[in-house]
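Dear colleague,

Please find below the structure I promised to hand over. My findings follow directly after it.

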Amino acid sequence: MSHHVRRLLLVLAAAAFLFLGLAGPAAAHGFTSVVYAHVTADGDGPLRTELKLEYDLLVVSAADAGSDDPLFRAGTDAFENGDARARAAALDAHRETVVDYVTRRFSVATGGTGCEPAPVGGFRMGTEEGVPYALLALDWTCAGHGTGDHEIRSTLFPDPEGYVKGTKTIVTYDVDGLTGSAALDSGHPSFPISQSWPERFWEFFRLGAEHLLTGTDHILFLLALIAGSRRPREIVLAATAFTLAHSVTFLLAALGLVDVPAGLVEPVIALSIAVVAGWHLWRLRGGGAQVMELRAPGESRFALDRAGWTRLGVVFCFGLVHGLGFAGALGIEASWSWTLLWSLLVFNIGIEAVQLGFIAVLFPLLLLLGRRSPRAARWVTGALSAGVAAMGLAWFVQRVTGS
């Protein structure tokens with residue numbers, strides 16, 4: 001084996017094991033939270049925000065911030081008993097603590113001056129992706145109420161609290177004739193309602209890119225696709241099948257036309273990682289010739305035989321499930337609008353940009369290694385696939401058992 005091949009092999013192996021070593025269950029979807037905010041105003045009346053907050057997270061965060069142990073006990077008991085009325089009653093009984101927690105971390109300002117919040121009615125209960133959520137309506141009185149100069153800011157459930165990481169606040173608004181959507185997080189905690197459409201779309205592009213970068217399970221699936229593709233046309237077709245599939249279900253789910261419980265989606269995503277990685281390991285057992293070539297001459301203009309088409313079918317089916325996972329991260333619930341549709345599309349483009357970036361960087365390296373030393377390429381892709389398959393199986397068991 002030449003010096004250059006050994007160096008390339010070392011770099012690829014180190015990158016693979018470093019990534020797998022850092023990848024853990026904490027990077028999967030269950031350790032993040034999404035806040036939903038719908039903002040409305042018309043004329044000279046107060047601006048209203050309707051917030052949806054993950055119930056158990058709201059209870060522990062507000063109780064901790066307000067040193068309110070009775071709230072923690074009553075809220076967690078109601079959560080464990082599955083009683084929606086008891087959950088709302090627990091929040092209403094400790095209304096001051098909960099509202100104080102929320103309004104210190106979610107605010108509205110006009111012309112640089114903060115608006116004064118006032119709760120509207122009591123807490124209501126609902127669900128998002130099968131998870132209990134609390135609904136809180138607030139009216140904001142703003143001095144010098146003007147059109148289009150409102151700024152929304154959210155730092156709810158920040159990382160330093162230690163309960164979740166990477167909380168995102170998805171905002172939809174219809175204020176004085178201005179409509180749109182925005183995505184807030186710790187890096188971008190605020191936005192003006194009067195922002196331009198390129199600024200709005202950039203936020204969703206960034207959100208999509210960051211979701212794939214921080215969604216370890218989706219990255220591992222992509223690595224399994226790359227490791228199992230030995231020719232450029234294979235990775236192009238596999239990536240295209242995955243993109244088409246998850247784009248369809250992502251849009252359908254995000255627009256509320258398809259609703260599949262997260263408790264079913266997440267285990268299947270984990271299983272898909274193990275299956276696609278295991279597919280390459282199964283091919284490896286046949287030796288180099290079968291691994292390096294999926295072509296049956298003259299059988300298809302795309303140069304894939306039955307095994308190749310079967311693999312594409314598997315990738316497409318699992319891509320449908322991954323689309324539900326992407327939609328679960330965004331989870332916008334709003335009436336149909338072209339603004340919402342374009343926001344969803346740009347979010348998806350952000351996902352695709354990162355996906356193509358991974359392929360553009362990693363696949364040429366594996367292709368070069370395969371041409372220099374096919375045996376080394378088999379060892380690298382085999383080790384990578386084995387690690388990915390093991391991680392997928394571990395996550396599958398974890399998500400099925402809830403451990």
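In this predicted model, helix α7 (residues 216-227) meets helix α13 (residues 374-401). On the α7 side, the residues in contact are Thr216, Asp217, Leu220, Leu223, Ala224 and Ala227; on the α13 side they are Thr381, Leu384, Ser385, Val388, Met391, Trp395 and Arg399. By class, 8 of these residues are nonpolar, 3 polar and 2 charged. The two helix axes come within 10 Å and cross at roughly 145°, and the crossing is left-handed.

Apart from neighbours within four places in sequence, Leu91 touches Tyr55, Leu58, Val59, Leu71, Val98, Phe123 and Ala134.

Lastly, the strands. Strand β1 (residues 34-41) and strand β2 (residues 47-54) run antiparallel and are joined by 5 bridges; among the residues involved, Tyr36 has Lys52 in β2 as its bridge partner. The two strands form a hairpin with 5 residues between them, and Gly43 in the turn has a positive phi of about 80°. β2 also pairs with strand β6 (residues 131-141), again in the antiparallel sense, over 8 bridges. There, Leu51 stands opposite Leu136 of β6.

With kind regards

Notes:
Residues are numbered from 1 along each chain as its sequence is written. This is a predicted model: local features need pLDDT of at least 70, side-chain atom pairs count only at pLDDT 80 or more; totals for chains, interfaces and linings use all residues. Side-chain values use heavy atoms; hydrogens and water are left out. Two strands pair if DSSP finds at least two bridges between them. Helices (H or I, at least four residues) and strands (E, at least two) are DSSP runs, numbered from the N terminus. Axes are lines fitted to C-alpha atoms, for helices over the stretch in contact, and angles run from 0 to 180 degrees between N-to-C directions. A crossing is left-handed if the near helix is turned anticlockwise from the far one by less than a right angle, and right-handed if clockwise. Contact means heavy atoms within 4.5 Å. Ala, Val, Leu, Ile, Met, Phe, Trp, Tyr, Cys and Pro count as nonpolar, Asp, Glu, Lys and Arg as charged, and the others, Gly among them, as polar.
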